[in-house]
Amino acid sequence: MHKRPPCPRPPGVPRWVAMFHQPSRDSWTVGAESPDRACVLYAVGDMAQTLRARGEEATVALWGPKDGAWHLFDAPAGRAPAPAPEAPAAPADRSAPGAGEPARLAERMTDRRHQVLMAGLSKAGLYELSDEDGEAVRTMADLLDEPTVRRVAHWLSVAGGER
């Protein structure tokens, strides 16, 4: 079992800092820093999704100011939700120009709505979803139109403290 070293305190004046530990590098690196906590949490969500997409795992430590000094807060899970399993694509008929374009457009729009919902969940501080949660997000992306998805994402970001 791989044991990681404890997260070092960031240097400098206390501010919000997300430190990432990747087992492949066996070291801590600053992933995001800002005077605003919401910005750092948003970046953590994006970075965690990127790492998961690459098939990598990471641990996140969230440092911030408390009573004028550094404090290690309970970090958000450094794991992004597993990507949706891809359905096998039907081979496109290349003989007819424009064949398959409406299907590709619909798929891209659904993917876009899924991204917007995942970003909203990330802003709300929800980074690790169960399979059941992932299925619920995919269902919402399939059923809701773009303006409704954006409204739901806005509600999630407000719930996460971003105004």
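## Around Pro 14

Pro 14 touches Pro 65, Gly 68, Ala 69 and Trp 70, leaving aside residues up to four places away in sequence; contact here means heavy atoms within 4.5 Å. Gly 68 sits 54 residues from Pro 14 along the chain, yet their C-alpha atoms are separated by 7.1 Å. Pro 14 itself belongs to the segment before S1. With a relative accessibility of 24%, Pro 14 counts as partly exposed (buried is under 20% relative accessible area, exposed is over 50%, and partly exposed lies in between, using a 1.4 Å probe and protein chains only).

A word on the model: it is predicted, so local features need pLDDT of at least 70 and side-chain atom pairs count only at pLDDT 80 or more, while totals for chains, interfaces and linings use all residues. Numbering runs from 1 along each chain as its sequence is written, and side-chain values use heavy atoms, with hydrogens and water left out.

## The sheet

Four strands make up an open sheet in the order S2-S1-S3-S4, with antiparallel pairing. S2 and S4 (69-73) are the edge strands, each pairing on one side only. On average, neighbouring strands of this sheet are turned by 30 degrees against each other, direction ignored. Strands are DSSP runs of E with at least two residues, helices are runs of H or I with at least four, and both are numbered from the N terminus. Two strands pair if DSSP finds at least two bridges between them.

Going through the pairs, S1 (residues 16-22) and S2 (residues 27-34) are antiparallel over seven bridges, with Gln 22 opposite Ser 27 in S2. These two strands form a hairpin with four residues between them, and Asp 26 in the turn has a positive phi of about 50 degrees. On to S3 (residues 59-66): five bridges join this strand to S1, again antiparallel, and Val 17 has Trp 63 as its bridge partner in S3.

How many residues of S1 are buried? Seven of its seven. Both faces are covered: Trp 16, Ala 18, Phe 20 and Gln 22 are buried on one side, and Val 17, Met 19 and His 21 on the other.

Helix H1 (residues 37-53) packs on the sheet, where it touches S1, S2 and S3. The direction of H1 makes about 20 degrees with that of S1; axes are lines fitted to C-alpha atoms, for helices over the stretch in contact, and angles run from 0 to 180 degrees between N-to-C directions.

## Helix H3

Gly 134, Val 137 and Ala 141 are the buried residues of H3. They cover an arc of only 60 degrees around the axis, which puts them on the same side of H3 (the arc is taken from the directions from the helix axis to the C-beta atoms). An α-helix has 3.6 residues a turn, so residues three or four places apart point the same way. On the other side of H3, Glu 132, Asp 142 and Leu 143 are exposed.

## Cysteines

The structure holds zero disulfides, a disulfide being a pair of cysteine sulfur atoms within 2.5 Å. Cys 7 is buried at 16% relative accessible area, whereas Cys 39 is partly exposed at 42%.
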